[in-house]
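Hi,

Here is the structure I promised to pass on to you. Have a look at it first, and then read on for what I found.

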Amino acid sequence: MNPVPEHFRDDMEAFVRDLDGAERLLGAMAPADSGRNSGKQPGSCRTAGTQPESGRTAGTQPESGPRRLQTAPRAPRAAALRIAAIAASVALVAALGLGLYNRYTEPKDTFDDPYLAYAAVEEALSRVSLAAGKGLALERESETYLQETLSVLNR
Amino acid sequence: MKKIYTLLVLLLVSVSALAQNSGKALYRKYSDEPGVQAVYISPAMFRLIGRIPDVESGDNNVNLARVIKSMTGFYLISFEDPELGRELSADVSGLLDRSDYELMMEVKDDGQTVRLYTVSPTDELITSLIMHVRDQEETTFLSIDGEIDRAALEELIASATE
């Protein structure tokens, strides 16, 4: 087995850190004078940085078996995500609680008699139509002045 | 990451649910204040109104019954306190900024300002109408919810100008 080049050694160690049999692989990649047994099982080689028959180079995925590249989670990011999740959950519960409170605590009807309620709505609608009608009347009045002005300008 | 996205979506849904029915929120805030006249008609009462026979309304040739029976909520508050009127105006402005209300009409005449706002998901339908009237003596806030036919409302307004 060819030794791993020095400038690839750190990358290789990070790559195989969480893989199964990592110690065995690191032992297999140790320099020849260490005298350690590689412990490599025939047909189950998962090394990186070697020169297999397919001609792959260091740092590439092996051909056999699934391999997951896992890096250690960065602690501050994981903590921030946890805090964000807790805050979102609290806000969600609070919003749902407030929504349910608003939904199930209806104000009391002013009228018990539907005829009286009808009369109140009718009066309110009359007020709305009067207000809107006043606006339309003002608009028509201004249109009259506008027409007069245009007729003077066009002479 | 998927859990975070799910939580955010649920949060947005719940917030949007709270944003509806803002007329009720303003009614709830001001109806118990001293000196405030308040009228509330619930969806249940409007269902009862829907069952009563159509009533002819005086000289008005417009069929108000069709408009009234399409309503589902009615909130009216009226008071004379100018300080409360300023506070209500600020709340109405905030409400309009957060919602889909459009200014339909503004009339200023003799020191009185009348503003009409509507929510129209389609050209033929009005789902919410707000009228805010303010003058030196009185402030009135009216909110109507329902599925109001725009043509019927325009006919009602046109009849007032005749």
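Helices (H or I, at least four residues) and strands (E, at least two) are taken as DSSP runs, numbered from the N terminus. On that basis chain A has four helices and zero strands, in the order α-α-α-α from the N terminus on.

Before the rest, some housekeeping: this is a predicted model, where local features need pLDDT of at least 70 and side-chain atom pairs count only at pLDDT 80 or more, while totals for chains, interfaces and linings use all residues. Residues are numbered from 1 along each chain as its sequence is written, and chains are lettered from A and ligands numbered from 1 in the order in which they are written.

Now to where the chains meet. Counting two residues as in contact if their C-beta atoms, placed from the backbone, lie within 7 Å, the contact takes 36 residues from chain A and 42 residues from chain B. On the chain A side, helices H3 (75-104) and H4 (114-153) each supply at least two residues, and H4(A) gives the most, with 20 residues.

H4(A) packs against helix H3 (residues 43-51) of chain B at about 100°, with the axes 9 Å apart; axes are lines fitted to C-alpha atoms, for helices over the stretch in contact, and angles run from 0 to 180 degrees between N-to-C directions. H4(A) and H3(B) are therefore roughly perpendicular (65 to 115 degrees). Pro114(A), Ala117(A) and Tyr118(A) of H4(A) make this contact with Met45(B), Leu48(B) and Ile49(B) of H3(B).

Best wishes

Technical notes: Parallel < 35°, antiparallel > 145°, perpendicular 65-115°, else oblique.
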